[in-house]
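Here is the note I promised you on this structure.

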Amino acid sequence: MSPDGPRMKRGRESMTTAKTQTEKMALRALPGDEVRQILWRFADRYDLQMAVQAVRALARGPVARMVADGARNSHEWTDEKAALLNEFDASGLTALGMDPEFGGYVEGPKNLALALAAFELSWVDGGSATSAMATNLALGPIHERGTPEQQKTYMSRCVPPQPGEKRTIWRGAFALTEPLPYVGVNTRVLSGGVRVAKWKEGEEPLLQVEKRGRFITNMAFANFVTAAVDSDDERIKGSCMIILHEDDPGVFDRGAPTRKLVHQLSSTNDPIFSLKVPASRIVGGFKVRDGVLVPNYDHAEIIAAVFRRTRVTVGLMTAAKLLSAVEPIIRYQRGRYRGGKTIEPGSAFHELGLQQKEDVLHRLVDIWASGEASAALGFAAARLFDEFDPIEKHKDKVFEERGLKGRAQLKELKKLEKPALEYIELAATPAAKRDAKRFEELEADRLVQFMVQDAVANVLCPAVKLWNTGQGTNMMREAVSLMGGYGITEDCPGFIGQKWMDAQLEATYEGPEAVQRRQLAITMTQPVFLAHFRQWIAEMRRVAGRRPGTGACTVASAMELWLWTLRHLSEAEDADGTPLYRDKRQGVTFPMADALCWLLASRQQILDLLELERRGPENEALAEGLPGYVRFFTDLCHVQAARAAGEVGRLCSELVFGYNRHPSWEAEGASCYQADELEPLDGFIPGIAACARSFTDVVEADGSHPQKAGPCVCFTGMEAFTSMRRKLDGCLTGARMAKDRAARDLTQVMIPEVPDYPT
Amino acid sequence: MSQGFHLVVCGSIVPDPLQTLEPIQGAEGPALKNEMMLPAVLDPWAGHALYEAAHLAAATPDSKVWLVSLGPRAKLQQLMMTIAPKAAFELVALDGPAGGFTEAWETAEALAECIKTIPGLDRSRLLLFGGCASASRDAGVTMQMVGERLEISDQFLAVDELTPQENGTIRILERIEAGRYQVSECAGPPLVAAWATGRLPEPPNNAQLGMQNMRSIMPALQKAQPARVGAEGVEFLEVEVPKQRRNTRVVEDASVDEMAREIVEWIRK
């Protein structure tokens with residue numbers, strides 16, 4: 001036998017093994033429900049799984065048919081669109097947000113449930129999601145701050161009738177926004193007013209409400225409206241939210257339909273109300289003090305509680321658009337040349353079409369990675385609010401019992417900051433090393449837990465709304481571009497063009513981007529949040545140690561850079577001596593908020609990947625495809641981490657250096673050599689003049705200097721930053737290899753034969 | 001009628017027909033590429049049977065529906081999220097393959113043995129329902145074989161309507177050739193009805209019903225017994241999915257007659 005024989009055989013064997021391994025590790029099919037349920041943590045919630053299936057059937061059935069038939073091409077609320085409401089009722093969607101005692105079927109908080117429903121609807125059409133969620137928004141003030149009687153009355157009227165029950169389902173509208181120049185971005189400037197119309201001794205006051213609304217959803221058919229109004233009467237203190245009925249005496253003018261370019265499957269009008277209503281309609285009730293009617297909650301307090309939840313849902317609507325674009329784009333890319341006379345089946349042109357080109361694959365990887373990151377962030381926020389709801393309710397109850405409101409409440413909460421910080425520190429300490437008794441004590445203290453979670457919720461909510469919708473819209477433009485001319489037609493599969501426009505509305509309503517950035521600029525600097533943030537850096541490092549290739553190390557490095565920059569900006573001044581990180585300095589605070597969002601999304605995407613890896617093996621249906629999913633999602637995480645690091649690095653560098661004055665040739669003490677200083681030195685140190693000209697800036701004897709703005713910037717005092725920045729750049733190592741691998745997967749992944757909804 | 005029916009519906013999953021279904025040669029014979037990763041739906045024929053059974057049970061006091069499903073447990077669980085809100089039933093699950101490459105004889109054996117062990121099932125009141133065919137493999141014989149094993153000789157195939165009469169008999173419409181029905185009157189249970197499409201639409205969702213069903217479905221899935229079904233001794237010479245030919249032209253001003261003529265010509269070719 002030839003001595004080469006066995007070696008060759010071994011070689012062939014190992015090649016076969018490698019090939020099998022590669023096939024196993026490839027993405028074989030698009031991720032289905034089994035994967036999503038694990039990633040978004042509802043694998044154990046069959047109530048939510050059922051809701052998802054029901055809403056999906058609704059979205060990809062009646063909603064998709066309506067969009068395909070051109071129902072979006074009108075501003076008016078038509079009979080055809082109105083039929084959707086019945087579909088919502090029949091699918092169980094209308095009752096999804098209600099508690100079982102009022103006719104709902106999901107126990108406990110429903111942030112995740114509603115987020116999943118909105119996600120499913122937006123997969124096809126954002127307007128239908130807005131329409132479905134609008135009654136929940138109208139009920140939001142009542143749910144969060146309404147009296148028990150108000151909750152019972154309105155919640156039970158807004159669910160479909162039970163068998164044998166004869167009644168019409170009520171729909172609601174939420175009226176905050178007013179015609180310019182009133183409430184919009186600044187939710188505190190209200191023109192809508194409330195006066196006492198009649199108040200007889202010992203009787204319930206009758207109020208006169210005057211309110212004009214703008215861009216009010218559900219207005220074409222709403223039976224009731226929760227409206228924000230300010231006092232227009234010295235016998236009423238402050239502002240409030242009040243419930244208006246369509247049959248209240250006075251004017252309930254639904255107004256003209258808004259001529260909006262987006263979300264046309266939702267009804268949007270500019271209504272006018274001039275109505276007499278009993279004072280018991282004030283959301284949360286009122287007290288009478290010294291002859292003055294004092295609402296228990298002002299409107300700002302109520303909408304803060306409502307929006308911090310509903311804004312998360314909006315963020316997920318844009319995430320759904322990105323992920324829904326993947327399959328139509330792959331189908332378009334592969335089929336781009338099919339049907340051509342010279343294109344033979346089996347040829348690369350026929351099978352791969354545009355996917356032969358690296359650029360379109362890389363761009364699709366970016367879209368997919370962004371979609372995963374935004375969904376990860378959004379669902380994490382929704383879950384957090386589910387956990388947080390009972391804790392917040394407990395806090396409200398305790399503070400109400402103690403009679404603490406407004407500033408008194410804030411003062412009391414400030415006292416809890418120290419134990420909250422202590423808890424975060426202890427939670428991050430290994431169990432064997434921490435004070436177990438103290439840890440348990442703090443964990444059991446629900447007010448401390450409120451502080452701990454509130455700090456995260458206050459950041460996650462605006463981050464989801466800001467980043468998912470803003471960056472999501474940018475990425476939707478990429479998605480449109482990948483469909484060529486098709487992308488901007490109504491015939492585009494997956495309605496991608498419409499979704500791009502819809503995403504822009506999602507970035508605007510319920511608080512536009514500036515509002516979210518402003519909120520983040522405050523909440524992200526709170527000590528309790530920053531304590532969490534420091535622990536998250538350590539967490540990402542640990543993950544990186546265990547799972548290199550996820551981009552976790554990159555994210556950790558970027559987080560360190562962000563934190564350093566925040567500290568620096570908080571203390572530094574610009575070249576004119578003006579402090580940098582201040583409320584009104586939005587050129588500083590807003591980019592820092594943007595940078596943070598990239599990090600939060602990337603971190604959560606990595607955590608979701610770990611969950612898939614951990615729990616995937618429990619699902620037998622995933623056994624075959626799990627290695628491929630894990631490998632592909634790992635690469636997507638890495639790609640997204642690199643994008644996040646790039647953004648953070650760029651923004652931080654701009655802020656750290658951008659407010660310094662550039663050295664000039666003219667300035668005294670410019671940090672460069674003068675030629676007449678160097679010449680004498682050259683006698684003692686031969687070559688120094690040439691060396692100086694090579695490595696630094698020299699002003700010649702005739703005053704000439706290198707052709708540039710001034711001497712190069714000196715980094716003295718910035719060594720820590722430059723070192724971190726250099727390290728971060730190095731952390732991008734491998735990210736493009738990950739993108740290449742993910743791109744290859746896109747050429748091989750199996751997609752359905754035909755789309756599962758009409759287009 | 002003094003007693004209601006005990007309705008047992010045999011039905012399981014098939015791959016979502018919108019997916020790419022590509023037969024491959026697996027380690028244990030033919031299979032569909034990535035089958036476990038593909039979304040699955042309730043076999044449409046079995047779906048008609050289930051909805052007819054639920055409707056009949058709702059209209060007949062003291063009746064009960066069991067859904068006996070043989071399929072991979074994890075896939076069955078996903079399926080239940082779709083059908084649990086549509087019909088009241090108790091699940092009896094068998095954990096085994098449900099693809100198009102299992103032999104109908106083995107499937108029938110497993111289903112029949114399982115039905116025999118259903119606690120509380122009164123076989124004298126049994127209406128055994130299922131699809132007359134399957135979307136995964138149109139063997140068209142499974143229900144008959146299950147019936148034989150349960151010693152039910154009154155068997156009706158391609159049923160579109162089943163109506164209990166006031167005198168206790170059951171009137172059944174079976175599809176036969178030339179678009180006609182054969183009308184039968186059966187003395188009563190037990191009987192086998194292998195359904196065609198039936199007359200009922202898919203029921204609307206009822207979330208409360210779904211939640212109620214799921215309380216028994218989850219334990220049933222956990223208790224699912226493994227079923228050894230396959231295609232022992234069967235040799236597959238060739239496997240392929242039905243070929244589709246798509247010659248699409250967009251013509252906006254063709255008359256109905258022109259379209260009909262073109263279709264006839266195309267069929268003749």
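The points below go from the domains of one chain, through the contact between chains, to a few single residues.

1. **What you are looking at.** Please bear in mind that this is a predicted model. For chain A, the domain assignment lists domain 1 (33–157), domain 2 (172–307) and domain 3 (308–660 + 730–748). Note that domain 3 is given in two stretches of sequence, 308–660 and 730–748.

2. **Domain 1 against domain 3 in chain A.** Taken over C-alpha atoms, the centres of domain 1 and domain 3 of chain A are 24 Å apart. On the domain 1 side 36 residues take part in the contact, and on the domain 3 side 44 residues. Together the two domains of chain A bury about 3,300 Å², with carbon and sulfur atoms giving 61% of that area.

3. The rule finds seven salt bridges across the interface of domain 1 and domain 3 of chain A. Across that interface there are also 12 residue pairs in polar contact, both residues being at pLDDT 80 or more. Which helices of chain A each supply at least two residues of the domain 1 side? They are helix 2 (33–39), helix 3 (46–68), helix 6 (111–122) and helix 7 (126–145). Helix 7 of chain A gives the most to that side, with nine residues. For a salt bridge to look at, go to Asp396(A) and Arg145(A), whose closest N and O atoms are 3.6 Å apart.

4. **Where chain A meets chain B.** Here 30 residues of chain A are in contact with 27 residues of chain B. The area buried between the two chains is about 2,600 Å², and carbon and sulfur atoms account for 57% of it. Within chain A, Tyr46(A), Met50(A) and Met750(A) lose the most area to chain B, together 26% of what the chain A side buries.

5. **Bridges between the chains.** The count between chain A and chain B is two salt bridges. Glu34(A) and Lys75(B) join their side chains in a salt bridge, at 3.4 Å from N to O. The rule also finds 11 residue pairs in polar contact across the interface of chain A and chain B, both residues at pLDDT 80 or more. On the chain A side, helix 2, helix 3 and helix 4 (79–91) each supply at least two residues. Helix 3 of chain A provides the largest share of that side, six residues.

6. **Helix 18 of chain A.** This helix (residues 527–546) has 20 residues and reaches 29 Å from its first C-alpha to its last, close to the 28 Å expected at 1.5 Å a residue. Its buried residues include Phe529(A), His532(A), Phe533(A), Trp536(A), Glu539(A) and Met540(A). What covers the buried residues of helix 18? Included are helix 13 (417–428), helix 15 (446–482), helix 17 (513–523), helix 19 (552–571) and helix 20 (586–615) of chain A.

7. **His362(A).** In sequence His362(A) and Leu746(A) are 384 residues apart, yet their C-alpha atoms are 9.4 Å apart in space. Beyond its neighbours within four places in sequence, His362(A) is in contact with Arg736(A), Lys739(A), Asp740(A) and Ala743(A). With Asp740(A) there is a polar contact, side chain to side chain, at 2.9 Å.

8. **Two buried loop residues.** Asp574(A) sits in the loop between helix 19 and helix 20 of chain A, and at 11% relative accessibility Asp574(A) counts as buried. A polar atom of the Asp574(A) side chain lies 2.8 Å from the backbone nitrogen of Asp576(A). In chain B, Thr102(B) lies in the loop between strand 7 (90–95) and helix 3 (104–116), and at 12% relative accessibility Thr102(B) counts as buried. A polar atom of the Thr102(B) side chain is 3.4 Å from the backbone oxygen of Gly99(B).

Notes. Residues are numbered from 1 along each chain as its sequence is written. Chains are lettered from A and ligands numbered from 1 in the order in which they are written. This is a predicted model: local features need pLDDT of at least 70, side-chain atom pairs count only at pLDDT 80 or more; totals for chains, interfaces and linings use all residues. Side-chain values use heavy atoms; hydrogens and water are left out. Helices (H or I, at least four residues) and strands (E, at least two) are DSSP runs, numbered from the N terminus. The expected span of a helix is 1.5 Å times one less than its number of residues. Buried means under 20% relative accessible area, exposed over 50%, partly exposed in between (1.4 Å probe, protein chains only). Contact means heavy atoms within 4.5 Å. Domain bounds come from an automatic or database domain assignment. Buried area is the accessible area (1.4 Å probe) that two parts lose on being put together, summed over both. A salt bridge is a side-chain nitrogen of Lys or Arg within 4 Å of a carboxyl oxygen of Asp or Glu. A polar contact is a pair of N or O atoms within 3.5 Å; within protein, one must be able to donate a hydrogen and the other to accept it, and residues adjacent in sequence count only if both atoms are side-chain atoms.
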